[in-house]
Amino acid sequence: MADDWRGVWTAALDELELDVVRIETMLADERRHAETPPADLWRPPTELGALPLELKPRADAILTRQLRAAEEIARRLTSNRQQMAMTSRLETGEAVKRPVYVDCAM
């Protein structure tokens with residue numbers, strides 16, 4: 001029973017760690033998943049019970065990597081928004097429909 005419980009937790013952590021590896025790979029190679037992000041999202045298994053104590057360091061390491069990846073994603077999203085704001089202010093040379101004067105007589 002204890003080996004089965006430990007095995008189920010080990011498999012769950014393997015799957016979770018694989019998900020983090022996919023995100024880290026995507027962040028390392030910006031063009032790899034730019035158009036097609038991973039479609040299979042990790043879902044926590046149900047009815048696992050408590051985490052075995054010997055697996056806690058591994059679970060903590062995975063959590064740390066997840067948090068680092070989430071921070072990097074947030075940083076890149078902020079950077080993309082700043083770039084979009086900057087490029088929206090650039091003149092393209094095309095005819096821009098702007099008022100030439102302001103009619104203050106009204």
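The sections below proceed from the whole chain to individual residues.

## Basis of the model

The model is predicted; local features need pLDDT of at least 70, side-chain atom pairs count only at pLDDT 80 or more, and totals for chains, interfaces and linings use all residues. Residues are numbered from 1 along each chain as its sequence is written, and side-chain values use heavy atoms, with hydrogens and water left out.

## Overall architecture

The protein chain has two helices and zero strands. Here helices (H or I, at least four residues) and strands (E, at least two) are DSSP runs, numbered from the N terminus. Helix α2 covers residues 56-88, 33 residues in all, and reaches 48 Å from its first C-alpha to its last. This is close to the 48 Å expected at 1.5 Å a residue, where the expected span is 1.5 Å times one less than the number of residues in the helix.

Of the contacts in the protein chain with a separation of 6 or more, 85% are between residues 24 or more positions apart; contact means heavy atoms within 4.5 Å. The chain exposes about 9,100 Å², and carbon and sulfur atoms supply 59% of that area. Accessible areas come from the Shrake-Rupley method with a 1.4 Å probe, and for residues only the protein chains shown count as cover. Buried residues make up 14% of the 106 residues. Buried means under 20% relative accessible area, exposed over 50%, and partly exposed in between (1.4 Å probe, protein chains only).

In soluble globular proteins, nonpolar side chains tend to be buried together. The largest nonpolar core in this model has nine residues: W9, A12, L13, L16, V20, L48, L55, A59 and I62. Helix α1 (2-28) and helix α2 each supply at least two residues of this core, and α1 gives the most, with five. A nonpolar core is a set of buried Ala, Val, Leu, Ile, Met, Phe, Trp, Tyr and Cys residues joined through side-chain atoms within 4.5 Å.

Leaving aside neighbours within four places in sequence, L13 is in contact with L51, L55, R58, A59 and I62. In α2, the residues A59, I62, R65 and A69 are buried.

## Salt bridges

The count of salt bridges comes to eight, each being a side-chain nitrogen of Lys or Arg within 4 Å of a carboxyl oxygen of Asp or Glu. R58 forms one of them with E17, the closest N and O atoms being 2.8 Å apart. This pair links distant parts of the chain, with R58 in helix α2 and E17 in helix α1, 41 residues apart. R58 is partly exposed, with a relative accessible area of 23%, and E17 is partly exposed at 24%.

R65 and E24 also meet through their side chains in a salt bridge (2.6 Å, N to O). Because R65 lies in helix α2 and E24 in helix α1, the pair ties together parts that are 41 residues apart in sequence. E24 is partly exposed, at 29% relative accessibility.

A further salt bridge joins the side chains of R76 and E72 (2.8 Å, N to O). Both residues lie in helix α2, four residues apart, about one turn of the helix. R76 is partly exposed at 22% relative accessibility, and E72 is partly exposed with a relative accessible area of 22%. Salt bridges that share partners join D14, E17, E24, R58 and R65 into one network.

## Selected residues

D19 lies in helix α1. D19 is buried yet has no salt bridge, and the nearest side chain of opposite charge, R22, is 4.4 Å away. Lys and Arg count as positive and Asp and Glu as negative; His and the chain ends are not counted. Beyond neighbours within four places in sequence, D19 is in contact with D40 and W42.

I73, in helix α2, is partly exposed at 32% relative accessibility. Not counting residues up to four places away in sequence, I73 touches I23 and L27. I73 and L27 are 46 residues apart in sequence and 7.8 Å apart in space, C-alpha to C-alpha.

Most residues other than glycine have a negative phi. E47 has a positive phi, near 55°. E47 is found in the loop between α1 and α2 and counts as exposed, at 81% relative accessibility.
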